[in-house]
Amino acid sequence: MNPTDNKSGQPAVVDRAAWQAELDALRIREKAHTREGDAIAAVRRRLPMVETDATAPLVGSEGPVTLLDAFEGRRQLIVYYQMWHAGKTAARQCEGCTFSTTHISELSYLHSRDVSYATFCQGPYEESSRYRDFMGWTVPWYSVPPASVDRLIANRHFGILVSYLRDGDKVYETYWTTGRGNEPMAPSYGLLDLTVYGRQEFWEDSPEGWPRHWDAKGGQFRLNGRPTAQWSRLAAGRSDDLGTSASD
């Protein structure tokens, strides 16, 4: 499948004044949407919180650490819990988690607000960190050992985005989300929403003749059998060997 081969419909052509009038009408709805988002964020800041085990063990680049250590001395911590298919090749790893994590690179703005960021991966450190290196990700990376899964995941699943607050040696969970709630991680979707053809996914409300190439069950994050972002890494000559069997 090559999206560029699609002969798509296109919007009507009007003069600039007519175009601007339509855009001005839409802008009223866009501003209302923004203000509603601000109001929701205000409620989010007032949610209660629940204590989490600050001593829950993790494995990082320097060996065993705790959840408290992952704060790196800052007051707040945002964690993305990355899914992992143990023993599988890079091509078989989670396409949605790869999509989300690939967008996270510059942390200085979070740090300036006393917020740390980290990926907590479901897989063993040696295997999953090879994937991190193949992808060129630079965010702090930790493996969640089996003994910590219940203490951190708490009857949920990997693929969640979690916010924490530290008070001395105590850690509290203040918010979590998943699914489309993770979209703030990935500005590609926000940018695609500004284009005439959008995300080009089957569920979207688009006019007849607009391109639709992808489902919303993982296919939208894969291209030619792999998570989409892997192809540029392979083209750059990076090894995707995770130490797993080539048949997996």
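**View 1. Aromatic pairs.** A search of the whole structure, a predicted model, finds 11 aromatic pairs. Rings of Phe, Tyr and Trp (its six-membered ring) count as a pair if their centres lie within 6.5 Å; planes under 30 degrees apart are stacked, over 60 edge-to-face, and the rest tilted. Phenylalanine 120 and tyrosine 142 form an edge-to-face pair, with 5.6 Å from centre to centre and 85° between the planes. Because phenylalanine 120 belongs to strand E5 and tyrosine 142 to strand E6 (residues 141–143), the pair ties together parts that are 22 residues apart in sequence. Both phenylalanine 120 and tyrosine 142 are buried; buried means under 20% relative accessible area, exposed over 50%, and partly exposed in between (1.4 Å probe, protein chains only). Elsewhere, ring pairs link Trp84, Tyr131, Phe134, Trp137 and Trp141 into a cluster.

Residues are numbered from 1 along each chain as its sequence is written. In this predicted model, local features need pLDDT of at least 70, side-chain atom pairs count only at pLDDT 80 or more, and totals for chains, interfaces and linings use all residues, while side-chain values use heavy atoms, with hydrogens and water left out.

View 2. Strand E4 (residues 76–82) is mostly covered, with five of its seven residues buried. Helices (H or I, at least four residues) and strands (E, at least two) are DSSP runs, numbered from the N terminus. Two strands pair if DSSP finds at least two bridges between them. E4 runs parallel to strand E5 (residues 115–121), to which seven bridges join it, and glutamine 76 stands opposite valine 115 in E5. With E7, E4 runs antiparallel and is joined by five bridges; here isoleucine 78 stands opposite serine 163.

**View 3. Helix H1 and its N-terminal cap.** Helix H1 (residues 16–45) has 30 residues, and at 1.5 Å a residue it should span 44 Å; its end C-alpha atoms are 42 Å apart, which agrees. The expected span is 1.5 Å times one less than the number of residues. Aspartate 15 caps the N-terminal end of H1, where a side-chain oxygen lies 3.2 Å from the backbone nitrogen of alanine 17.

**View 4. Glycine 9 and its contacts.** Glycine 9 has its place in the segment before H1 and is partly exposed, with a relative accessible area of 22%. Glycine 9 and glycine 209 are 200 residues apart in sequence, yet 4.8 Å apart in space, C-alpha to C-alpha. Leaving aside neighbours within four places in sequence, glycine 9 is in contact (heavy atoms within 4.5 Å) with Tyr197, Gly209 and Trp210.

**View 5. Cysteines without a disulfide.** The whole structure holds zero disulfides, a disulfide being a pair of cysteine sulfur atoms within 2.5 Å. For cysteine 94, the nearest cysteine sulfur is that of cysteine 97, 3.4 Å away. Cysteine 94 counts as buried at 11% relative accessibility. For cysteine 121, the nearest cysteine sulfur is also that of cysteine 97, 8.0 Å away, and cysteine 121 counts as buried at 0% relative accessibility.

**View 6. Positive phi outside glycine.** Asparagine 155 has a positive phi of about 65° although it is not a glycine. Asparagine 155 lies in the loop between helix H5 (146–153) and strand E7 (161–167) and, at 82% relative accessibility, counts as exposed. Glutamine 200, with phi near 60°, lies in the loop between helix H6 (187–192) and strand E9 (222–223). Glutamine 200 is buried, with a relative accessible area of 18%.

Conventions:
Polar contact = N/O pair within 3.5 Å; in protein donor to acceptor, adjacent residues only side chain to side chain.
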